[in-house]
There are 2 protein chains.
Amino acid sequence: MTDTSARLIALDWGTSTLRAWLLDGEGQILDHRHEPWGILHTPEGDFARAYQAVVGSWREAHPELPALACGMIGSRGGWQEVPYVAAPADANAIATGLVKIDTGIDRLSLVPGVMQHSDAVTGALPNVMRGEETQLIGVMVRYPELSKDSLLVMPGTHSKWARIEDERLVGFTTHMTGELYAVLREHSILGRPARECQEETSETASLNAFDEGVKNALDAGSAGLSGQLFSVRSRVLAGELSPESSLAYLSGLLIGEEVRSATAALGDTSRLRLALIGDDALCRRYARALAHFECPDVEIIHDASISGLMTIARHAGLTAAAR
Amino acid sequence: MTDTSARLIALDWGTSTLRAWLLDGEGQILDHRHEPWGILHTPEGDFARAYQAVVGSWREAHPELPALACGMIGSRGGWQEVPYVAAPADANAIATGLVKIDTGIDRLSLVPGVMQHSDAVTGALPNVMRGEETQLIGVMVRYPELSKDSLLVMPGTHSKWARIEDERLVGFTTHMTGELYAVLREHSILGRPARECQEETSETASLNAFDEGVKNALDAGSAGLSGQLFSVRSRVLAGELSPESSLAYLSGLLIGEEVRSATAALGDTSRLRLALIGDDALCRRYARALAHFECPDVEIIHDASISGLMTIARHAGLTAAAR
């Protein structure tokens with residue numbers, strides 16, 4: 001028997017957007033609201049008012065429904081800071097770390113982020129995520145074959161490469177590739193050819209330049225990107241690269257280096273299942289880069305926040321488990 | 001017999017400063033002027049007026065003296081673009097590439113930069129320098145033992161690692177470490193802890209944090225910096241790194257990665273003589289980083305522009321060779 005009545009108010013409240021869903025017992029979307037009210041852009045920083053504007057009508061219709069939010073809303077700059085749960089972590093550990101806050105109209109549970117502590121033995125550095133853990137939980141529920149032994153890559157401003165074993169997030173690294181691209185494009189000498197250029201690049205030229213960047217990152221091998229980054233400028237000066245394709249080349253260099261670095265750090269990854277999670281266009285770029293590293297046909301999974309929120313709500317006892 | 005009469009008007013006209021010297025036949029300084037009139041800061045962009053203000057009185061006293069300038073003044077954004085000379089290049093090749101311009105009060109020779117073209121066989125990417133070639137020529141004249149087979153490192157906004165063989169600059173790489181540090185400090189999330197912090201770090205804490213950065217870059221090995229950069233933030237969040245020491249740690253990570261990358265690309269460097277050329281405080285930081293990579297006691301050489309300008313002037317026949 002399918003449960004089609006409302007069972008959960010679920011929110012993914014990030015840095016730049018606020019997405020909210022009214023979900024039934026199967027995690028199907030009964031209603032939704034998307035606003036550009038990420039925690040950096042919430043009108044007047046008034047989280048309570050934004051929350052009421054988005055979920056108020058659902059709350060009136062369903063006074064008893066649990067409400068759950070993941071993402072940066074639980075960070076220091078958000079509504080209330082929720083302490084990180086330590087990796088390795090599974091859905092249960094994350095559910096145990098929920099913090100309930102009074103919103104003025106109801107009680108809202110906030111999902112904790114996950115912190116990986118440093119490890120003197122392995123040399124691992126600390127890492128943090130907030131929001132991605134919920135998507136990872138969602139992916140494991142939706143794709144059980146990825147929950148045993150896999151590498152889940154979440155491209156973005158701060159890309160995460162997460163190791164999954166036996167339905168647990170066992171460790172992860174962060175690559176600041178998206179932010180690095182943005183600050184180099186806007187503020188460094190490398191963005192200048194494109195900033196001064198009136199021409200637009202063609203799709204083909206852009207993909208070719210991207211591939212050259214990936215290939216150069218791969219060819220650099222253990223020397224890494226340090227001696228290659230300047231080639232975004234020097235190849236333009238040498239007439240090898242057009243100004244209008246220079247940002248695509250920079251993107252290829254940076255994403256190529258992320259893939260090279262992450263796979264080098266992991267050692268033999270051939271036994272691991274690999275999947276990309278996130279924005280489709282960006283995931284396709286990563287898939288294109290991964291193909292240079294003998295990882296063709298990597299699966300792309302779109303946003304898994306809803307499944308993750310539903311699963312965490314069940315583990316926390318906020319909603320009944322699906323039958 | 002020592003020649004103590006004026007023989008050369010020499011200028012190092014870079015991005016941020018203009019330095020000019022009146023030199024005798026031995027390259028001794030008879031007079032000098034330093035102005036903050038680099039090509040990005042020349043008043044009203046009027047190079048002729050700036051030039052006249054700086055060298056006018058010398059020119060009146062010595063109407064026949066040759067004048068020679070190196071640096072960004074010969075770039076596209078400078079007075080007149082001087083085509084690059086191709087690497088490998090020696091003092092003679094550089095002298096052959098001089099371009100004479102009419103300044104309104106005299107004729108000024110501009111030193112060309114050096115371009116390394118890409119090489120499909122070695123995988124070398126293009127690289128350019130403008131100003132550093134003159135310093136390298138000066139170093140070879142002053143330190144003949146470095147002119148045979150050495151690695152000359154010039155830290156800065158765009159650090160250069162130059163391979164010298166038989167008095168020739170045979171190849172070089174560029175590492176944008178200084179610029180990367182500046183844009184990450186000012187514009188990325190990594191600079192935020194320090195930007196928000198009122199405390200000042202102690203010298204000892206700063207050096208310790210720098211060393212931790214260098215060590216982490218070294219420990220990353222072939223995985224490189226991509227997965228480590230975020231640790232500037234995550235180590236602060238984890239309570240391992242104080243906000244006021246976070247920029248010193250970032251500096252250590254970036255300089256450490258430059259040294260790791262450059263030495264990895266060169267293979268066995270144990271037979272090479274190594275020297276650092278440039279600003280004393282920055283060279284000391286690099287020497288400190290190099291010590292982590294089994295390169296202790298690296299010699300530090302201060303500005304060698306004057307020797308280089310004198311040598312290039314002689315090779316160009318502008319001044320007589322010293323006896």
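**Group meeting: a predicted two-chain model**

In chain A, strand E2 (residues 18–24) and strand E3 (residues 29–35) pair in the antiparallel sense, over six bridges. Strands here are DSSP runs of E with at least two residues, helices are runs of H or I with at least four, and both are numbered from the N terminus. Two strands pair if DSSP finds at least two bridges between them. Across this pair, Trp21(A) stands opposite His32(A) in E3(A). The hairpin has four residues between its strands, and Gly27(A) takes a positive phi near 85°.

Now the ground rules. This is a predicted model, in which local features need pLDDT of at least 70, side-chain atom pairs count only at pLDDT 80 or more, and totals for chains, interfaces and linings use all residues; side-chain values use heavy atoms, with hydrogens and water left out. Residues are numbered from 1 along each chain as its sequence is written, while chains are lettered from A and ligands numbered from 1 in the order in which they are written.

Next, backbone details. Ala87(A) and Pro88(A) are joined by a cis peptide bond, with omega about -5°. Where is Pro88(A)? It lies in the loop between strand E5 (85–86) and helix H2 (91–96) of chain A. Chain B has a cis bond too, joining Ala87(B) and Pro88(B), with omega about -5°. Pro88(B) sits in the loop between strand E5 (85–86) and helix H2 (91–96) of chain B. Back in chain A, Asp166(A) is not a glycine, yet its phi is positive, about 50°. You will find Asp166(A) in the loop between strand E11 (159–165) and strand E12 (168–175) of chain A.

On to domains. Chain A is divided into domain 1 (6–143 + 306–315) and domain 2 (175–301). Those bounds come from an automatic or database domain assignment. The C-alpha centres of domain 1 and domain 2 of chain A lie 31 Å apart.

Helix packing, still in chain A. Helix H3 (residues 132–142) and helix H10 (residues 305–315) pack at about 90°, with their axes 7 Å apart. Axes are lines fitted to C-alpha atoms, for helices over the stretch in contact, and angles run from 0 to 180 degrees between N-to-C directions. H3(A) and H10(A) are therefore roughly perpendicular; the label covers 65 to 115 degrees, while under 35 counts as roughly parallel, over 145 as roughly antiparallel and the rest as oblique. Who touches whom? On the H3(A) side, the residues include Ile137(A), Val141(A) and Arg142(A). On the H10(A) side, Leu309(A) and Ile312(A) are among them. Contact means heavy atoms within 4.5 Å. The residues of this contact divide into four nonpolar, seven polar and one charged.

Chain B, for the sheets. One open sheet has six strands in the order E3-E2-E1-E4-E7-E6, with mixed pairing. Its edge strands are E3 (29–35) and E6 (99–102) of chain B, each pairing on one side only. The twist averages 25° from one strand to the next. Inside that sheet, E1 (residues 6–13) and E4 (residues 67–70) of chain B run parallel, joined by four bridges. Asp12(B) stands opposite Cys70(B) in E4(B).

Another open sheet in chain B has five strands, ordered E12-E11-E10-E13-E14, again with mixed pairing. The edges are E12 (168–175) and E14 (299–301) of chain B; each pairs on one side only. Twist averages 25° from one strand to the next. Three bridges join E13 (residues 273–277) of chain B to E14(B), and the two run parallel. Which residue is the bridge partner of Leu276(B) in E14(B)? Ile300(B). Helix H9 (residues 280–292) of chain B lies across E11 (159–165), E13 and E14 of chain B, at about 145° to E13(B).

Last, the two copies. A rotation of 180° with 0.0 Å of shift along its axis superposes chain B on chain A, at RMSD 0.0 Å. That is the relation of a two-fold axis. In chain B, the C-alpha nearest the axis belongs to Ser222(B), 2.1 Å from it. Superposition is by least squares on the C-alpha atoms of residues with pLDDT of at least 70 in both copies. Why do the copies meet through the same surface? Because 100% of the interface residues of chain B are also interface residues in chain A.

Conventions: Nonpolar A, V, L, I, M, F, W, Y, C, P; charged D, E, K, R; others polar.
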